[in-house]
Amino acid sequence: MRTTKIVHVVNCHAEGEVGDVIVGGVAPPPGETIWEQSRWIAKDETLRNFMLNEPRGGVFRHVNLLVPPKNPKAQMGWIIMEPEDTPPMSGSNSICVSTVLLDSGIIPMTEPVTKMVLEAPAGLVEVEAQCRNGKAERITVTNVKSFAQRLDATLDVPGIGKLTVDTAYGGDSFVVVDPEQVGIELAPENARLIAETGIKITNAANQQLGFSHPEDTGWNHISFCLFAGKPYREDGNLQAKSVVAIQPGKIDRSPTGTAVSARMALLNARGQLHEGESLTGVSIIGTKFVGKIVRETTIADQKAIVPSITGSAWISGTAQLMLDPADPFPGGYKLSDTWPMLK
Ligand SMILES: O=C(O)[C@H]1NCC[C@@H]1O
């Protein structure tokens, strides 16, 4: 066996969505901040291609790189790599990272509760983990400031027609649509159709509506389409289907923590969900993230919320990824049968 690198990975999923964690074998990238480091990873592409492309990855995979924190308040920093983006923040990935840090002993666990501060590219996030018998069972992440950007905007989607949509940010950027407008039931058998429809809506929203983060973060596009089911009450809790199409055309298996945060910001902007109240997002496979409005706040003088997201993640394996110097595909490859090509 010969290899020019060994990347040590702990495999994990949060409520069904893969969020593998690189725990060794990769030096921290250059940059003064975690955001700058994440821009370097996005531009360089070497690690993204090695980890995300076939034969080591695939369109379903998200990978997180642990890095030393830059802010002294944080115990660990991390960079998120998703199929097409290297985003500011991610709910499922933050829950996977927290679980791997605690369950594998990288950060010492205290039972019944361990508190940590982690540093995402978007900034600091507080984590509270309910721990029992050496397992971080429930992770609550206090997300970055989330806000509504456009309410009831008209969007003309080629092949679909005129829709009324919202745009919002919950650590990542969303166009939000009521699935009844496109006549698609948010059921597993419709996953392909939902993914393709969501990508059309996201592309149209980027062309016609756009997105700009008020703090000039440089995150100025819409990443995802959230199909936001009608809220209903179950056992007294407010719930809603939360199904997200991710570029280049897959469905999040989890309810998408950033989407639940963005949805709560929209409900708050409409006066329908208040500080201290909760919304549980239900994924396409029936898994749940419990969202809560921790507090109402502002961002650049606009209304915003600080949300939290609670969910669980489970370690599913470990891997050492290698590169034989004779491998003809050091950067891997993508094919449009499983990885639709972006226009
Ligand atoms: O939970 C979330 O926010 C994420 N899941 C995969 C894509 C999003 O970043």
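**Exercise 1.** Find the salt-bridge partner of R138 and say which parts of the chain the pair ties together.

*Solution.* Step 1: apply the criterion, in which a salt bridge is a side-chain nitrogen of Lys or Arg within 4 Å of a carboxyl oxygen of Asp or Glu. R138 meets it with E15, where the closest N and O atoms are 3.8 Å apart.
Step 1: R138 lies in strand β8 (residues 135-142) and E15 in the loop between β1 (6-14) and β2 (17-18), so the bridge ties together parts that are 123 residues apart in sequence. Helices (H or I, at least four residues) and strands (E, at least two) are DSSP runs, numbered from the N terminus.
Step 2: assign exposure, with buried meaning under 20% relative accessible area, exposed over 50%, and partly exposed in between (1.4 Å probe, protein chains only). R138 is partly exposed at 31%, whereas E15 is buried at 9%.

The model is predicted: local features need pLDDT of at least 70, and side-chain atom pairs count only at pLDDT 80 or more, while totals for chains, interfaces and linings use all residues. Residues are numbered from 1 along each chain as its sequence is written, and side-chain values use heavy atoms, with hydrogens and water left out.

**Exercise 2.** Determine whether E17 and K250, which form a salt bridge, are buried or exposed.

*Solution.* Step 1: the closest N and O atoms of E17 and K250 are 2.6 Å apart.
Step 1: E17 is in strand β2 and K250 in strand β15 (residues 250-251), so this pair links distant parts of the chain, 233 residues apart.
Step 2: E17 has 1% relative accessibility and counts as buried. K250, at 5%, counts as buried too.

**Exercise 3.** Which residues are joined with R270 into one salt-bridge network?

*Solution.* Step 1: R270 forms a salt bridge with D166, with 2.9 Å between the closest N and O atoms.
Step 1: R270 sits in the loop between α6 (257-269) and β16 (278-282), and D166 in strand β10 (residues 161-169), so the pair ties together parts 104 residues apart in sequence.
Step 2: R270 is partly exposed, with a relative accessible area of 32%, while D166 is buried at 9%.
Step 3: through shared partners, salt bridges join D152, D166 and R270 into one network. The count of salt bridges by this rule comes to 14.

**Exercise 4.** Describe how strand β16 pairs with β14 and β17.

*Solution.* Step 1: two strands pair if DSSP finds at least two bridges between them. Strand β14 (residues 237-246) and β16 pair in the parallel sense over 3 bridges, and K241 stands opposite V282 in β16.
Step 1: β16 and strand β17 (residues 288-299) pair in the antiparallel sense over 5 bridges, with S278 opposite K292 in β17.
Step 2: β16 and β17 form a hairpin with 5 residues between them, and G286 in the turn has a positive phi of about 90 degrees.
Step 3: 4 of the 5 residues of β16 are buried, so the strand is largely enclosed by the rest of the structure.

**Exercise 5.** How much of the ligand's accessible area does the protein cover?

*Solution.* Step 1: list the surroundings. Residues around the ligand include E17, H62, F224 and I246.
Step 1: check side-chain distances. An N or O atom in the side chain of E82 is 2.6 Å from an oxygen atom of the ligand, and a polar side-chain atom of S90 lies 2.9 Å from a ligand oxygen atom. For D252, a side-chain N or O atom is 2.6 Å from a nitrogen atom of the ligand.
Step 2: the protein covers 100% of the 260 Å² of accessible area that the ligand has on its own. Accessible areas come from the Shrake-Rupley method with a 1.4 Å probe.

Conventions: Near = heavy atom within 4 Å. Polar contact = N/O pair within 3.5 Å; in protein donor to acceptor, adjacent residues only side chain to side chain.
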